Amino acid sequence: MSQKKYRILIGKPGLDGHDRGAKCIARALRDAGYEVIYTGIRRTPEEIAAAAVQEDVDAVGLSSLSGAHLVLFPEVVENLRKQEADDIPVIGGGIIPEEDMPNLKEQGISRVFTPGTSMQEIINTFTEICEKGAHA
Amino acid sequence: MHNIEQIVHGIEEENSRSIARAISIVEDGDSGADQLLDSLDTKKIEKSMLVGITGAPGAGKSTLTNRLVEHCRDLGKRVGVVAIDPSSPISGGAIHGDRIRMMQHAMDREVVVRSMATRGRLGGLCASAGAAVRVMAAGGCDPVFIETVGVGQSEMDIIQSSDITALVSAPGLGDDIQALKAGLLEVADIMVVNKADCPGADLLCMELEEVAQEKGRRVFRTVAAKNEGIEALFSYMRELFSTHRESGESARRRKQARQREIVDWSMEMLRPYVNELCESREDDLGTDPKIRALEITQRLLQDDDSRG
């Protein structure tokens with residue numbers, strides 16, 4: 001009688017107040033049937049990881065437009081690891097230069113989206129990643 | 001798939017991940033949910049105070065809850081919060097924003113917060129939320145706050161299942177008093193006028209006092225954004241809870257809540273069979289839906305007789 005619904009945490013790490021993108025993704029995911037927890041702006045990586053654990057989410061989506069993604073995104077992954085929750089996949093998005101992608105992947109960010117990514121592709125990726133986690 | 005014993009042990013150890021996993025297992029109705037619920041520490045559940053916080057959108061429920069949590073932390077208490085938001089009836093999805101006002105406690109291991117969507121369940125929400133509250137209580141949380149917009153029957157049921165119920169209103173929200181008179185005012189133990197420093201607060205207090213006095217209830221003024229009136233409110237909640245425990249009112253409410261939850265779970269468990277019967281036979285469109293429902297329920301009861 002499982003009534004599984006995928007839960008996703010959308011977080012804005014660091015000193016970046018521009019959250020139109022994050023909210024837009026949150027709404028699109030809701031409309032695709034996900035339960036989305038939004039942390040609000042200016043959170044620390046520790047706070048985001050702790051909230052992801054308490055909410056028992058299937059994936060974390062991080063948004064950053066300020067250029068600090070190379071530091072902040074891996075720190076979220078690291079904090080999840082500290083709480084033995086590094087099985088929760090982390091996806092990133094924002095203003096992220098192409099040359100940073102390999103570095104982010106290496107540090108445990110499952111996927112990275114840029115302004116050119118379509119909403120459908122983002123939703124599909126979340127679905128794929130959540131389903132993979134559920135069957136693991 | 002889940003190691004239930006390990007999770008139950010984790011709950012006893014007050015481990016965040018175990019508590020969170022346990023709530024998901026129960027909410028999703030995964031295998032092991034029953035074993036899990038059956039292994040919870042009932043003594044802790046018995047003594048933990050469950051406070052229901054309800055009120056119109058924009059009254060300041062999550063800000064107030066956040067302040068109550070802050071105050072409880074000052075008192076050295078371990079606190080649980082279940083924040084309920086509606087699921088979209090179209091997509092089934094939901095956005096939870098209550099975390100935004102709770103983030104100051106994110107790093108505090110003694111504050112357990114969980115967002116929960118209504119998932120379009122008619123009664124099942126009450127059952128899932130009740131189970132989540134018990135998991136938190138078994139994980140050492142006392143008090144547990146459950147916060148919801150008090151509209152709709154199932155949310156009303158949740159509120160009625162609390163030990164103490166606070167109805168939050170605020171000036172400037174329009175005709176809320178009129179709307180609230182319909183039901184929530186009758187079940188609320190405490191009425192809170194939040195944003196009490198705003199124009200219109202005195203009038204709202206006066207109106208609420210009128211209703212409150214008839215029922216021997218009290219009205220509290222708070223300004224949650226400025227952390228005013230929180231201490232008095234919480235100390236009255238505790239006082240009321242201990243009075244209710246002595247008078248047997250608490251036991252009566254818990255028994256009622258338990259029965260409500262049992263009915264909810266039963267209905268949830270019947271749903272798939274009803275759905276199946278509804279779809280299995282060719283539905284004669286000429287039959288009135290109510291008559292068809294009667295046929296289905298009778299059939300279910302008969303099936304049960306033949307099995308038993």
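The text below takes the basis of the model, then the salt bridges.

This is a predicted model, in which local features need pLDDT of at least 70, side-chain atom pairs count only at pLDDT 80 or more, and totals for chains, interfaces and linings use all residues. Residues are numbered from 1 along each chain as its sequence is written, chains are lettered from A and ligands numbered from 1 in the order in which they are written, and side-chain values use heavy atoms, with hydrogens and water left out.

A salt bridge here is a side-chain nitrogen of Lys or Arg within 4 Å of a carboxyl oxygen of Asp or Glu. Over all chains, the count is 29 salt bridges.

| Pair | Closest N and O atoms |
|---|---|
| A:Glu35 and A:Arg7 | 3.2 Å |
| A:Arg43 and A:Glu47 | 3.2 Å |

Start with A:Glu35 and A:Arg7, which form a salt bridge. This pair links distant parts of chain A: A:Glu35 lies in strand β2 (residues 35-38) and A:Arg7 in strand β1 (residues 7-11), 28 residues apart. Strands (E, at least two residues) and helices (H or I, at least four) are DSSP runs, numbered from the N terminus. Both A:Glu35 and A:Arg7 are buried, meaning under 20% relative accessible area (1.4 Å probe, protein chains only).

B:Arg119 is buried, and so is A:Glu35.

Salt bridges with shared partners join A:Arg7, A:Glu35, A:Glu55, B:Glu27, B:Asp28, B:Arg99, B:Arg114 and B:Arg119 into one network.

Terms used:
Buried means under 20% relative accessible area, exposed over 50%, partly exposed in between (1.4 Å probe, protein chains only).
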